[in-house]
Amino acid sequence: MVHVAERYATSIRWRLDTLLSVLIAAGNYVRDDVVSSTIHLILNSPPEEQAYIGLRLWSSVHNVANSEEKQPLLQVAVWTIGEYGDLLLSSERIEEHQLVDIYQRLLWSTSVSTTTKQYALVSLAKLSTRIRSKEEETRVKQMIEAFGSHLNIDLQQRGVEFSQLFRDYSHLRPALLEKMPKIQKTLPNGTDVEGGSGGFDDPAPTIDLIEGGDDGDSSLMINTTGGGSMVGKIGSDSRALLDLLGGGDDPIDGLGLVPTADVLISGSTTTTTNGKPAVPTTTSTGNNQDLLDLLGSLDMPASTPPAAVNSSVGTTTPLG
(Lines give C-alpha, C1' and ligand atoms only; values in the text may rest on other atoms or scores of the structure.)
Protein backbone atom coordinates (compact mmCIF):
# COMPACT_ATOMS: atom_id res chain seq x y z
CA MET A 1 0.00 0.00 0.00
CA VAL A 2 2.90 2.35 0.78
CA HIS A 3 4.45 1.70 -2.63
CA VAL A 4 1.13 2.30 -4.38
CA ALA A 5 0.71 5.59 -2.52
CA GLU A 6 4.23 6.57 -3.54
CA ARG A 7 3.65 5.82 -7.20
CA TYR A 8 0.15 7.20 -7.69
CA ALA A 9 0.18 10.11 -5.23
CA THR A 10 -1.78 13.08 -6.56
CA SER A 11 -0.07 15.54 -4.20
CA ILE A 12 2.40 15.62 -1.33
CA ARG A 13 -0.35 16.32 1.20
CA TRP A 14 -2.41 13.37 0.00
CA ARG A 15 0.59 11.11 0.29
CA LEU A 16 1.41 12.41 3.79
CA ASP A 17 -2.17 11.80 4.89
CA THR A 18 -2.08 8.27 3.46
CA LEU A 19 1.19 7.42 5.22
CA LEU A 20 -0.17 8.80 8.49
CA SER A 21 -3.26 6.61 8.15
CA VAL A 22 -1.02 3.59 7.58
CA LEU A 23 1.08 4.41 10.66
CA ILE A 24 -2.05 4.71 12.81
CA ALA A 25 -3.82 1.62 11.46
CA ALA A 26 -0.86 -0.77 11.18
CA GLY A 27 0.74 0.09 14.50
CA ASN A 28 3.87 -1.92 15.23
CA TYR A 29 3.47 -3.93 12.02
CA VAL A 30 4.92 -1.05 10.02
CA ARG A 31 8.38 -1.85 8.68
CA ASP A 32 11.42 0.26 9.51
CA ASP A 33 11.89 1.32 5.88
CA VAL A 34 8.41 2.90 5.93
CA VAL A 35 9.47 5.03 8.90
CA SER A 36 12.62 6.20 7.12
CA SER A 37 10.80 6.86 3.83
CA THR A 38 8.11 8.87 5.66
CA ILE A 39 10.77 10.97 7.40
CA HIS A 40 12.50 11.44 4.05
CA LEU A 41 9.26 12.66 2.46
CA ILE A 42 8.59 15.13 5.29
CA LEU A 43 12.17 16.38 5.08
CA ASN A 44 11.83 17.19 1.38
CA SER A 45 8.33 18.69 1.62
CA PRO A 46 7.60 22.46 1.48
CA PRO A 47 7.47 24.31 4.83
CA GLU A 48 3.67 24.59 4.77
CA GLU A 49 3.34 20.82 4.33
CA GLN A 50 5.86 20.25 7.13
CA ALA A 51 3.79 22.43 9.47
CA TYR A 52 0.61 20.63 8.38
CA ILE A 53 1.90 17.11 8.97
CA GLY A 54 3.56 18.23 12.21
CA LEU A 55 0.21 19.38 13.61
CA ARG A 56 -1.47 16.15 12.49
CA LEU A 57 1.26 14.00 14.04
CA TRP A 58 1.06 15.94 17.31
CA SER A 59 -2.71 15.49 17.34
CA SER A 60 -2.34 11.77 16.64
CA VAL A 61 0.12 11.22 19.48
CA HIS A 62 -1.93 13.40 21.82
CA ASN A 63 -5.40 12.04 21.05
CA VAL A 64 -5.08 8.52 19.59
CA ALA A 65 -5.76 5.82 22.17
CA ASN A 66 -2.80 3.61 23.11
CA SER A 67 -0.44 5.72 21.05
CA GLU A 68 2.48 4.43 23.17
CA GLU A 69 1.93 1.03 21.56
CA LYS A 70 2.38 2.41 18.03
CA GLN A 71 6.17 2.74 17.98
CA PRO A 72 6.61 3.68 14.27
CA LEU A 73 4.03 6.45 14.65
CA LEU A 74 5.83 7.79 17.72
CA GLN A 75 9.20 7.72 15.96
CA VAL A 76 7.95 9.76 13.00
CA ALA A 77 6.01 12.11 15.30
CA VAL A 78 8.85 12.97 17.70
CA TRP A 79 11.30 13.41 14.82
CA THR A 80 8.94 15.85 13.09
CA ILE A 81 8.08 17.78 16.24
CA GLY A 82 11.72 18.18 17.22
CA GLU A 83 12.81 19.14 13.72
CA TYR A 84 9.98 21.60 12.95
CA GLY A 85 8.86 22.65 16.42
CA ASP A 86 9.16 26.31 15.47
CA LEU A 87 6.61 25.82 12.68
CA LEU A 88 4.20 24.14 15.08
CA LEU A 89 4.57 26.90 17.65
CA SER A 90 4.11 29.61 15.03
CA SER A 91 0.63 28.26 14.28
CA GLU A 92 -0.41 29.35 17.81
CA ARG A 93 -2.37 26.12 18.25
CA ILE A 94 0.16 24.49 20.57
CA GLU A 95 1.87 25.86 23.66
CA GLU A 96 5.50 25.14 24.45
CA HIS A 97 4.68 23.34 27.70
CA GLN A 98 2.34 20.99 25.81
CA LEU A 99 5.18 19.83 23.58
CA VAL A 100 7.49 19.26 26.54
CA ASP A 101 4.74 17.39 28.38
CA ILE A 102 4.42 14.90 25.51
CA TYR A 103 8.16 14.19 25.60
CA GLN A 104 8.07 13.70 29.35
CA ARG A 105 5.19 11.25 29.03
CA LEU A 106 6.94 9.23 26.32
CA LEU A 107 10.38 9.18 27.92
CA TRP A 108 8.99 8.13 31.31
CA SER A 109 6.65 5.47 29.87
CA THR A 110 7.59 1.81 30.31
CA SER A 111 5.70 0.71 27.18
CA VAL A 112 7.83 2.82 24.84
CA SER A 113 10.73 0.96 23.23
CA THR A 114 14.37 1.94 23.60
CA THR A 115 14.60 2.88 19.92
CA THR A 116 11.65 5.26 20.24
CA LYS A 117 13.21 6.82 23.34
CA GLN A 118 16.41 7.39 21.39
CA TYR A 119 14.38 9.22 18.75
CA ALA A 120 12.65 11.23 21.48
CA LEU A 121 15.85 12.16 23.31
CA VAL A 122 17.55 13.50 20.17
CA SER A 123 14.34 15.27 19.16
CA LEU A 124 14.03 16.85 22.62
CA ALA A 125 17.56 18.22 22.35
CA LYS A 126 16.65 19.77 19.00
CA LEU A 127 13.40 21.15 20.40
CA SER A 128 15.38 23.02 23.06
CA THR A 129 16.68 25.35 20.34
CA ARG A 130 13.17 25.93 18.92
CA ILE A 131 11.43 27.06 22.12
CA ARG A 132 11.87 30.51 23.62
CA SER A 133 10.72 30.05 27.19
CA LYS A 134 13.62 29.75 29.67
CA GLU A 135 11.44 27.78 32.03
CA GLU A 136 10.67 25.12 29.42
CA GLU A 137 14.31 25.06 28.32
CA THR A 138 15.28 24.32 31.93
CA ARG A 139 12.75 21.47 32.01
CA VAL A 140 14.25 20.03 28.85
CA LYS A 141 17.73 20.23 30.33
CA GLN A 142 16.64 18.44 33.51
CA MET A 143 14.92 15.68 31.54
CA ILE A 144 18.02 15.09 29.45
CA GLU A 145 20.33 15.10 32.46
CA ALA A 146 18.15 12.43 34.09
CA PHE A 147 19.22 9.99 31.38
CA GLY A 148 22.89 10.42 32.31
CA SER A 149 22.45 7.56 34.79
CA HIS A 150 20.03 5.42 32.76
CA LEU A 151 20.51 1.63 32.83
CA ASN A 152 20.49 1.44 29.02
CA ILE A 153 23.97 2.32 27.78
CA ASP A 154 22.76 3.97 24.55
CA LEU A 155 20.31 6.24 26.33
CA GLN A 156 22.91 6.98 29.00
CA GLN A 157 25.46 7.97 26.35
CA ARG A 158 23.01 10.35 24.69
CA GLY A 159 22.06 11.82 28.06
CA VAL A 160 25.69 12.48 28.99
CA GLU A 161 26.56 13.95 25.60
CA PHE A 162 23.58 16.32 25.45
CA SER A 163 24.05 17.31 29.10
CA GLN A 164 27.61 18.31 28.37
CA LEU A 165 26.38 20.22 25.34
CA PHE A 166 23.98 22.17 27.58
CA ARG A 167 26.58 22.73 30.27
CA ASP A 168 29.84 23.51 28.44
CA TYR A 169 28.89 24.31 24.86
CA SER A 170 25.54 26.02 25.13
CA HIS A 171 26.57 28.65 22.59
CA LEU A 172 27.07 25.92 19.97
CA ARG A 173 23.67 24.25 20.40
CA PRO A 174 21.78 26.31 17.78
CA ALA A 175 24.38 25.51 15.12
CA LEU A 176 24.79 21.83 16.04
CA LEU A 177 21.06 21.16 16.36
CA GLU A 178 19.80 23.12 13.39
CA LYS A 179 17.37 21.67 10.84
CA MET A 180 18.52 18.96 8.52
CA PRO A 181 19.00 19.96 4.86
CA LYS A 182 17.01 18.32 2.11
CA ILE A 183 18.40 14.99 0.97
CA GLN A 184 18.07 13.50 -2.50
CA LYS A 185 17.34 9.82 -2.92
CA THR A 186 19.92 7.99 -5.07
CA LEU A 187 18.82 4.98 -7.09
CA PRO A 188 21.08 1.92 -7.52
CA ASN A 189 22.07 3.11 -11.00
CA GLY A 190 23.35 6.40 -9.57
CA THR A 191 20.39 8.57 -10.64
CA ASP A 192 19.29 11.26 -8.19
CA VAL A 193 15.55 11.41 -7.53
CA GLU A 194 13.80 14.36 -5.96
CA GLY A 195 12.17 13.90 -2.59
CA GLY A 196 8.48 13.39 -3.44
CA SER A 197 8.70 11.81 -6.85
CA GLY A 198 9.16 8.21 -5.75
CA GLY A 199 11.43 6.91 -8.50
CA PHE A 200 10.94 3.42 -9.84
CA ASP A 201 13.35 3.72 -12.78
CA ASP A 202 14.80 0.48 -14.10
CA PRO A 203 18.53 0.07 -13.62
CA ALA A 204 20.92 0.14 -16.56
CA PRO A 205 21.05 -3.05 -18.68
CA THR A 206 23.65 -5.61 -17.75
CA ILE A 207 25.39 -8.49 -19.49
CA ASP A 208 25.75 -11.94 -17.97
CA LEU A 209 29.37 -13.06 -18.07
CA ILE A 210 28.41 -16.72 -17.67
CA GLU A 211 26.16 -18.29 -20.28
CA GLY A 212 22.86 -19.32 -18.76
CA GLY A 213 23.76 -17.79 -15.38
CA ASP A 214 20.45 -16.50 -14.02
CA ASP A 215 20.96 -16.98 -10.29
CA GLY A 216 20.99 -13.22 -9.69
CA ASP A 217 24.64 -12.98 -8.64
CA SER A 218 25.50 -9.35 -9.30
CA SER A 219 29.22 -10.10 -9.11
CA LEU A 220 28.96 -11.87 -12.47
CA MET A 221 27.31 -8.93 -14.24
CA ILE A 222 28.88 -5.91 -15.89
CA ASN A 223 27.19 -2.60 -16.55
CA THR A 224 26.96 -1.73 -20.23
CA THR A 225 27.03 2.00 -19.49
CA GLY A 226 30.36 1.85 -17.71
CA GLY A 227 32.51 1.43 -20.82
CA GLY A 228 35.67 -0.63 -20.47
CA SER A 229 36.35 0.22 -16.84
CA MET A 230 34.57 -2.87 -15.52
CA VAL A 231 36.28 -5.16 -18.01
CA GLY A 232 39.63 -3.71 -17.04
CA LYS A 233 38.85 -4.32 -13.39
CA ILE A 234 37.91 -7.95 -14.08
CA GLY A 235 41.12 -8.38 -16.05
CA SER A 236 43.29 -6.94 -13.30
CA ASP A 237 41.59 -9.09 -10.66
CA SER A 238 42.08 -12.24 -12.74
CA ARG A 239 45.70 -11.35 -13.42
CA ALA A 240 46.35 -10.78 -9.72
CA LEU A 241 44.80 -14.16 -8.87
CA LEU A 242 46.88 -15.97 -11.46
CA ASP A 243 50.03 -14.19 -10.31
CA LEU A 244 49.25 -15.38 -6.79
CA LEU A 245 48.94 -18.96 -8.08
CA GLY A 246 52.12 -18.63 -10.14
CA GLY A 247 50.45 -18.21 -13.52
CA GLY A 248 51.79 -16.54 -16.63
CA ASP A 249 51.75 -12.86 -17.40
CA ASP A 250 50.31 -12.94 -20.91
CA PRO A 251 46.63 -11.86 -20.91
CA ILE A 252 44.10 -13.16 -23.39
CA ASP A 253 41.20 -11.12 -24.75
CA GLY A 254 41.94 -8.32 -22.30
CA LEU A 255 40.52 -10.28 -19.36
CA GLY A 256 43.79 -11.34 -17.79
CA LEU A 257 43.33 -15.06 -18.62
CA VAL A 258 46.22 -17.39 -19.43
CA PRO A 259 46.31 -20.20 -22.00
CA THR A 260 45.31 -23.68 -20.90
CA ALA A 261 47.68 -26.64 -20.86
CA ASP A 262 46.65 -27.72 -24.37
CA VAL A 263 47.37 -24.28 -25.76
CA LEU A 264 50.75 -24.18 -24.04
CA ILE A 265 51.78 -27.58 -25.46
CA SER A 266 50.66 -26.74 -29.00
CA GLY A 267 51.56 -23.07 -28.70
CA SER A 268 54.33 -23.38 -31.30
CA THR A 269 51.77 -23.90 -34.07
CA THR A 270 49.95 -20.63 -33.29
CA THR A 271 50.63 -18.04 -35.95
CA THR A 272 51.03 -14.34 -35.42
CA THR A 273 49.91 -11.54 -37.71
CA ASN A 274 53.09 -12.05 -39.80
CA GLY A 275 52.36 -15.73 -40.39
CA LYS A 276 55.30 -16.91 -38.30
CA PRO A 277 54.94 -19.35 -35.42
CA ALA A 278 54.98 -17.78 -31.99
CA VAL A 279 57.52 -19.35 -29.66
CA PRO A 280 56.69 -19.12 -25.94
CA THR A 281 59.44 -18.06 -23.58
CA THR A 282 61.08 -20.33 -21.02
CA THR A 283 60.02 -18.14 -18.10
CA SER A 284 56.35 -18.27 -19.06
CA THR A 285 56.52 -22.06 -19.50
CA GLY A 286 58.15 -22.55 -16.13
CA ASN A 287 55.52 -20.45 -14.40
CA ASN A 288 52.68 -22.35 -16.04
CA GLN A 289 54.36 -25.65 -15.13
CA ASP A 290 54.36 -24.56 -11.49
CA LEU A 291 50.68 -23.69 -11.81
CA LEU A 292 49.90 -27.14 -13.20
CA ASP A 293 51.85 -28.81 -10.40
CA LEU A 294 49.98 -26.70 -7.83
CA LEU A 295 46.62 -27.71 -9.29
CA GLY A 296 47.54 -31.40 -9.22
CA SER A 297 47.84 -31.94 -12.97
CA LEU A 298 49.98 -34.57 -14.74
CA ASP A 299 53.73 -34.32 -14.27
CA MET A 300 55.41 -32.52 -17.11
CA PRO A 301 59.18 -32.09 -17.49
CA ALA A 302 59.98 -28.52 -16.55
CA SER A 303 63.51 -28.71 -17.95
CA THR A 304 62.37 -29.15 -21.57
CA PRO A 305 60.14 -26.34 -22.82
CA PRO A 306 57.49 -27.15 -25.44
CA ALA A 307 59.34 -25.04 -28.00
CA ALA A 308 62.45 -27.18 -27.72
CA VAL A 309 60.41 -30.40 -28.11
CA ASN A 310 58.60 -29.14 -31.19
CA SER A 311 61.75 -27.75 -32.78
CA SER A 312 63.51 -31.10 -32.50
CA VAL A 313 60.88 -32.96 -34.50
CA GLY A 314 62.16 -34.03 -37.90
CA THR A 315 65.81 -33.14 -37.12
CA THR A 316 68.53 -35.79 -37.35
CA THR A 317 71.15 -35.63 -34.60
CA PRO A 318 74.57 -37.13 -35.40
CA LEU A 319 75.49 -40.08 -33.15
CA GLY A 320 79.18 -39.63 -33.03
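Author: One term before we start: buried means under 20% relative accessible area, exposed means over 50%, and partly exposed is in between. Also, this is a predicted model.

Reader: Fine. Trp-79 and Tyr-84: buried or exposed?

Author: Both Trp-79 and Tyr-84 are buried. They form an aromatic pair, edge-to-face. The ring centres are 6.0 Å apart, with 75° between the planes.

Reader: How many aromatic pairs does the whole structure have?

Author: A search of the whole structure finds two. Besides Trp-79 with Tyr-84, there is Trp-108 with Phe-147. That pair is tilted, at 5.7 Å centre to centre and 50° between the planes.

Reader: What does the Trp-108 and Phe-147 pair tie together?

Author: Trp-108 lies in helix H7, and Phe-147 is in the loop between H9 and helix H10 (153–168), so the pair ties together parts 39 residues apart in sequence.

Reader: And why is Phe-147 called buried?

Author: Its relative accessible area is 2%, and the cut-off for buried is under 20%. Trp-108 is at 44%, so it counts as partly exposed.

Reader: Back to H7. How far does it reach?

Author: H7 covers residues 96–108, 13 residues in total. From first C-alpha to last it reaches 19 Å, close to the expected 18 Å.

Reader: Which H7 residues are buried?

Author: Glu-96, Leu-99, Val-100, Ile-102, Tyr-103, Leu-106 and Leu-107. Seen down the axis of H7, the buried residues fall within an arc of 150°, so they line one face of the helix.

Reader: What do they pack against?

Author: Helices H4 (47–63), H5, H6 (85–90), H8 (114–127) and H9 (134–146).

Reader: Zoom in on Tyr-103. What is it in contact with?

Author: Leaving aside neighbours within four places in sequence, Tyr-103 contacts Val-78, Ile-81, Gly-82, Ala-120, Ser-123, Leu-124, Leu-127 and Met-143.

Reader: Which residues touch the most other members of the largest nonpolar core?

Author: Tyr-103 is one of them, along with Ile-42, Leu-57, Leu-124 and Ile-144. That core has 49 residues. Helix H5 (residues 71–83) gives the most to it, with seven.

Reader: New topic. What sits over the ring of Tyr-52?

Author: The charged end of Arg-13, 4.0 Å from the ring centre.

Reader: Last one. Asp-32: buried or exposed?

Author: Asp-32 is exposed, with a relative accessible area of 67%. Asp-32 is found in helix H3 (residues 32–43). Asp-32 and Pro-72 are 40 residues apart in sequence and 7.6 Å apart in space, C-alpha to C-alpha.

Technical notes:
Residues are numbered from 1 along each chain as its sequence is written. This is a predicted model: local features need pLDDT of at least 70, side-chain atom pairs count only at pLDDT 80 or more; totals for chains, interfaces and linings use all residues. Side-chain values use heavy atoms; hydrogens and water are left out. Helices (H or I, at least four residues) and strands (E, at least two) are DSSP runs, numbered from the N terminus. Buried means under 20% relative accessible area, exposed over 50%, partly exposed in between (1.4 Å probe, protein chains only). A nonpolar core is a set of buried Ala, Val, Leu, Ile, Met, Phe, Trp, Tyr and Cys residues joined through side-chain atoms within 4.5 Å. Contact means heavy atoms within 4.5 Å. The expected span of a helix is 1.5 Å times one less than its number of residues. The arc is that of the directions from the helix axis to the C-beta atoms. Rings of Phe, Tyr and Trp (its six-membered ring) pair if their centres lie within 6.5 Å; planes under 30 degrees apart count as stacked, over 60 as edge-to-face and the rest as tilted. A charge sits over a ring if NZ of Lys or CZ of Arg is within 6 Å of the ring centre and within 35 degrees of the ring normal.
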